[in-house]
Amino acid sequence: MLNVENVSVRFGGLVAVDNISLRTATDSILCIIGPNGAGKTTLFSVLSGFLKPTSGRVRFNDLEISSMPAHRVSLAGVSRTFQIVRPFRDLTVLDNVMVGAFAKASGYDEARERALAVLNEVGLYKKRDFLASYLTLPDLKRLEVAKTLATQPVYLLLDEVMAGLNLPEQHEVAAMIEKIHARGIGVLLVEHSLAMVQRLGQHVICMDSGRKIAEGTAAEVIRSEAVQVAYMGVGNVQAA
Amino acid sequence: MLLTLLLVGVVSGVLGGLILALLSTGFNLALGVSRVVNFQHGAVVLWAMYASYLLWEHTGLNPYLGMLFIVPVAFVIGYFLHRWLIARSLDTPEDSQILFSIGLLIAFQYLAQFFFSTDARSLTEESLQHSFIAGPIFLQYTQIVAALVSLVVLVLLHLMLTRTNLGRSLHACAQNPTGARVAGLNVEHLSAVALGIAAACAAVSGTALATLAPIFPERAFEYSLVAVVVSVLGGMGSMSGSILGGLIVGIIIAVSQVTGYGDLAMAIVYALVFLIFLVRPTGLISAIKR
Amino acid sequence: MLSKLTDSFRQQGAALWLGAAAVVVVAAVAAPWINPYYTRVMTMGLLCGYLAASWNLIGGYAGQMSLGHALFFAIGSYSVALLARLQDVPLVAALPIAVVLSVALAWIIASICFRYALRGIYFAVGTLLLAEIARILVINSDTLGRSQGLQIPAMEGARNFNFGSDLPFFYIFLAMAVALALFCLVLERCKLGYDLVALREQEEGAQALGVDTNAIKRMSFVISAGLTSVGGVVYAGLVRYVEPGYDLSLTITLFMVMGAVLGGRGTALGPFLGGVVVVIVQELLITVGSQFGTTSVSALAQMIYGLFFVVVLLVFPRGIVGQLLHRRIDRKATQGSVGATVEAS
């Protein structure tokens, strides 16, 4: 159970996240949507320990992860990917994933086994000896997920993993995410693509200007008036 | 008694500080505009010192007049040094760049040693060998003239940076190189200009320093380190920062010398700068501007 | 352990390591028969390689450029000198003391620096300043010998590294180099090795995978410092004279750095090759220079040495071994997996 309690993040005078609360468990996929600048990535940074909230806290089961440094949050089981992928360019794909695998593995052999298993799961096994700097964007996204998956997380936080992919590529990645979720790993997605939100989002939250403006199933949220206004501006609501 | 000592130290320090400020401003400007750490700056100063000395030795010309010939030459050398050599190092990984400029420092320093050997030379210009005494304050004309010249150049530099198009362009590059490029500015050219200006300032500083202290090759590393230290202390990329940093360092050195701790002066300065690194790496000037 | 080594050899090429092993064996066997001048040069080359490899732990694997490593080298050499002069302590007893001092100081420095997130050029200049402060303090201290330095009194026995000839030093440095190279080889396949590379490439990306980046930066800095001081201790045994102008200077730090950069930062064998090349180039320049007679020509040699540094950085940004390994991994990957397509990104 991941519990966000009244989290706010202020940068000087700017309020990036305004009193957000939410709960999620590993059995449903949570999608966070919202226009650019809504504070979604900021919220993710708080969830994964890269940013400390100005007020409020985040609890993972009994642990207060909002006061833990980023690497410990990851070790506790809440791992994130980055919107702009951060592969270790001078390492092979396999070595990239091994960095993640070493987080929980008890030795080189175990880490290697785990890394290979994860590569298989995301579909990168054949490219395991390639230098990461040579991968295409969809493969880099897969690698980003693989690295994080290798740390054996309880919750996987995917920050705009679909960005830059065309629709068929997005569906491939979505299928991969569904397989991972089926294994029992909790998934939180920050997402823009409505198609993906409709496919994956069992539980959806919409943010705007740092605040939560809607929550429910994908259908409910997308059709809600508040969300329509946020995405398309006041004038168009009449048409709905 | 202590108070008069301190007074002498501070006055002397301010004068010395202005010279250090000019020495560092060029370095700082180039750092801000081109984002390159020009560790070879001290060697450029050294060469300017030798050039100044040679000119004086062979023509008897007052070094500050001879300086007027050296400065444009220095500018050109600085410009092409960046354009042809340093610009190439920009493709290497970030921290290799400081190694690159250290390599240049070594090369230039030993080139100087090759030509001039390690013997110290002194530029003792007749017209400057007077003292100025006002109460307890005892100063050399060399110090006063050097400080005044530095001040004049600093003022001119400030005017250039704030009132001319070139100055605005340089400022733009320092703020945002990509944005500057998009706005049509030739960032490579401007970075080279910045280094040219740095070399020109080094030429003036070199001339001033030549009249004050013995000239020998090891100075190059010393001056490079001082430039870095003053820039960081005051504020990287900020001209007022260089001046503030220069004055502080100058005063610390002078006060240490008059109170008998002269040998440890630089150690004190380095320790102070290290603390600044930890606490306020953007330099003191950013703390003051808040 | 076995799988670690086989994976390393597969990726780096057994040829590279076999070649290195062959060189070591040949050198070890041939040393007593070679002109002592060459043995001396090789000894210094091995020392430089060892120091470069020690620096490589923090500067190569961890990617944090320390320019103050002379500090730890000097702790090694000065410990031997001071303890011998003041307390008749034999060199082998001075060794652990020097290491403990270096490690303790490095721990403190690292804790402060990394706690305040000193990175890149700030870390480089910061460490340089610390070494300079130490140098100024030494120059002003009578006990520490001022700028003249200290002579290490001749003391009897192997425990003082008094062997009667310089040849044993060749073997000592060779052994140290081999041990360190093997240590790095194993390190590369351990969690720490992977974490260091991850830290170097993407610090935040590494944190997101559970890597405590501050802790490992500190760890590699501390280990590097300890190893460097050992180099200083043995050096003192060989040269029997310590002085701030060399031991605590940017010169010796640059030997380490250039050796690692030329050979290949972040590789196990690179720094050794680089260190040997650096010393050989220096020797060549000085020898050629002295043919021309005057000491001013040795200044010219130093100048060329500085330019050499510049050229190396432009031409071999990854270092010799680094470039070789990169190309090898590259080639293997593009020939490799069946049915996979590769597009350059």
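How many helices and strands does the secondary structure of chain A come to? The secondary structure of chain A comes to nine helices and ten strands, where helices (H or I, at least four residues) and strands (E, at least two) are DSSP runs numbered from the N terminus. This is a predicted model, in which local features need pLDDT of at least 70 and side-chain atom pairs count only at pLDDT 80 or more, while totals for chains, interfaces and linings use all residues. Residues are numbered from 1 along each chain as its sequence is written, and chains are lettered from A and ligands numbered from 1 in the order in which they are written.

Taken along the principal axes, the C-alpha atoms of chain A fill a box of roughly 60 × 40 × 30 Å. The radius of gyration of chain A is 18 Å, which agrees with the value near 18 Å for a compact globule of 240 residues; it is taken over C-alpha atoms, and the globule rule is 2.2 Å times the number of residues to the power 0.38. Of the 240 residues of chain A, 52% count as buried, meaning that 20 or more other C-beta atoms, placed from the backbone, lie within 10 Å of the residue's own.

An automatic or database domain assignment gives chain A domain 1 (1-77 + 153-240) and domain 2 (80-152). The C-alpha centres of these two domains lie 24 Å apart. Across the boundary, 20 residues of domain 1 are in contact with 16 residues of domain 2, a contact being two residues whose C-beta atoms, placed from the backbone, lie within 7 Å. On the domain 1 side, α1 (40-47), α2, β7 (155-159) and α6 (167-182) of chain A each supply at least two residues. α6(A) gives the most to that side, with five residues.

Chain A also touches chain C: 33 residues of chain A are in contact with 32 residues of chain C. The elements that give two or more residues to the chain A side are α2 (70-76), β6 (78-80), α3 (93-101), α4 (108-122) and α5 (137-149). The largest share, four residues, comes from α2(A). By class, this side of chain A has 14 nonpolar, ten polar and nine charged residues; Ala, Val, Leu, Ile, Met, Phe, Trp, Tyr, Cys and Pro count as nonpolar, Asp, Glu, Lys and Arg as charged, and the others, Gly among them, as polar.

Notes. Buried ≥ 20, exposed ≤ 12 C-beta atoms within 10 Å, placed from the backbone.
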